[in-house]
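Me: I want to know what stands behind the terms used for a protein interface. Can we go through them one by one?

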Amino acid sequence: MAKLTIDGKEIEVPDGTRLFDACREARGGRDLPHFCYHPDLSIAGVCRLCQVEIEGMPKLTIACNTIVRDGMVVHTTSKRVNQAVTQVLEMHLINHPVDCPICDQAGECGLQDQYMDYGLYESEVEKTDKVLKKKAKVIGPHVILDQERCVLCARCTRFCEEVTGTGELGIYNRGDRAEIDVAPGVELDNNYSLNTVDICPVGALTSRDFRFQKRVWLLKSTSSVCNGCATGCNVRVDHEGGRIYRLKPRRNDEVNGPWMCDKGRMTYKDVHREDRLDRVLVRREGELQPISWAEGRQELLGAVKPGGVGYVLADPGRSLEELVLIQRLATELVGEEPMAGGVSDDGHDEGDDLLLSADRRPNRKALAWLDFAEKPAEALAGELSGASGVLLVFGGDPLAHQALADAASRMRVVYLGTHRTATAEAADVVVPLSMWAEKDALWVNKQGRIQRGQRAVLPPGDAREDWRVLVDLLQSIGHDPEVAGLPALRRLVAARLELEDENLLNRLPEGGYAPPRLADAPTGGR
Amino acid sequence: MSYKGLPDVVTTRRRNLLESAYFTEIARGLAVTGRHLIRNLFNTDKMPTVQYPDQKRDYGPRFRGRHRLTQREDGSPRCVACMMCSTVCPADCIEIIAGEHPDPTIEKYSKEFNIDLLRCVYCGLCEEACPCDAIRMDTGIYEIAAETREAFVVNKDFLLNNDKDGTL
């Protein structure tokens, strides 16, 4: 441990700590001004903003590239430091175009923040004297570059070298003509390219998808979990007026660190897709026709009766609570056998060794925990051809498999789902459900970590909280699970998983919780 | 605690006999009314009433009337859709949809710019907030009438060609 004094405050930090981090601790969580320092990248030391005064050293030193030593006396707000930071900032701003009105970064920009803290000087540079560079240069499928706004912190180039190892970006030329660019003929086209937008402290790299969609200060943020694959990256859903505009990663060192993949970021588009189900549909005269929720509920309750249901099919895209309730419902309706947690052939794609998992369902692990086995399409088709009555499908798109569609053609299909899939088209009753961003739900990632996603927006039209529909169904067949709200539901789930504390899921820590008892459970699927 | 210059206790003078006799005070009041009546009857020029709409009051040059969108020298709208006005608007009456401008030196422009004149409180914060001097309230128009609520939502074309006519 090293004992040092920062701004008159004595703190003790482990040996080897960066002075930058020690300063944050001493300053009550407030970072030193900085552009280039990033805890998950190497030290570049190029922005010169985190300069501090260390007693006994003749010059100011950058805190990011200094390791603490016992007995250090550090000043972070002395007149000398403030003056130095202001001057460095002025240098950064010499060639900055100050086009904040049309810059998407405005509102979450490092230059703006730093200027409010350390700047507020009269600029000595005429706008016409500035070095002009390329603006709005498309450098990849997701990222657009503005070289004039760049402060050359080299975070993006370090990211491409150290995290993805692809090295598309580089700094070209020297002096005030130095600029970030991709090499000729190269595109910034990797699955993690939008992370460069996150770590860019200014508006040099911005997202093409989010471009001009919304000013960031109008957005509200909700913590959630990405549903794109089994990794379960922690995300922040940025939304406004019932519409999601972007997903940003939320740091969770156990799961995704500070990163997130581009595929995952685009999953929000499914929430607002054209083919979302928002009304109950019933097949009348061969056509699916929308009916009111009250009528639709009667239709659903009428179809889902013990003896009437022949097979129950879930999907690992449903949340943990839903899967628990679906399994309970299925057991009451059809007994132990004629049910499956999903089609094990579905939801697999190419993964990578960073975050993207080959398993593209967010909750397969939960199926394994619940002993709610998935079955391959072929086996399912065999079982379905022996079944009769109602085929109850919760989410997914099992009937996209021709074998399953054929096997189910004699059955009455009741589909509860989110999109107008092949299964919906083949169904006789279609009930809209909520998607991940529209409900408060628990997800079990591939590590066996239970994570909570909160509700960001309301589901469209008549779609409502899925667990309420399931509880309604259970009540109608005379097996009331007696859950009036989410806390009771989560106690039910905890009891089902035999967790040590029944309220554990109601007090889930920020980073999620991995129950040690279930750590060795086999993964679901094949 | 007393405020500076103000007495701690306010005492009211009791009415004297004449004042509490009712009729004397009524007569005094009527005299004031009558004085104004007669003065205005014979001196109509000095009367504060304006014969609207034949006659209109003059307002100062800084009067905030109906909004307009200004143009650059080449005639294109100045607005770059930075959303400062719609952010600062206390009545939340400005709706802007931004788009990518074909000219890369402009980059961003407002594809749609709608103001709900019924919601607007004419506070002038939008022109105050605008970094490009794109929105102004200097038309001097205050007669705003329409037959439907929808007609009060004026669009970008209207705001760019805002003339002195009050009809929407």
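Reply: Here are the terms, each set against its rule; the model is predicted.

Me: Why is the pair A:Arg211 and B:Glu100 called a salt bridge?

Reply: The rule asks for a side-chain nitrogen of Lys or Arg within 4 Å of a carboxyl oxygen of Asp or Glu. The side chains of A:Arg211 and B:Glu100 meet at 2.6 Å, N to O. The distance is within 4 Å, so the pair counts as a salt bridge. Between chain B and chain A the count is 2 salt bridges.

Me: Which elements of chain B each supply at least two residues of the side that touches chain A?

Reply: Helix H2 (84-88) and strand E2 (94-100) of chain B do. E2(B) gives the most, with 3 residues.

Me: What makes residues on that side of chain B nonpolar, polar or charged?

Reply: The residue type decides. The side of chain B that touches chain A divides into 8 nonpolar, 2 polar and 3 charged residues.

Me: How many residues does the contact take from each chain?

Reply: Chain B gives 13 residues and chain A gives 11. Contact here means heavy atoms within 4.5 Å. Together the two chains bury about 1100 Å², with 63% of it on carbon and sulfur atoms.

Technical notes. Residues are numbered from 1 along each chain as its sequence is written. Chains are lettered from A and ligands numbered from 1 in the order in which they are written. This is a predicted model: local features need pLDDT of at least 70, side-chain atom pairs count only at pLDDT 80 or more; totals for chains, interfaces and linings use all residues. Side-chain values use heavy atoms; hydrogens and water are left out. Buried area is the accessible area (1.4 Å probe) that two parts lose on being put together, summed over both. Helices (H or I, at least four residues) and strands (E, at least two) are DSSP runs, numbered from the N terminus. Ala, Val, Leu, Ile, Met, Phe, Trp, Tyr, Cys and Pro count as nonpolar, Asp, Glu, Lys and Arg as charged, and the others, Gly among them, as polar.
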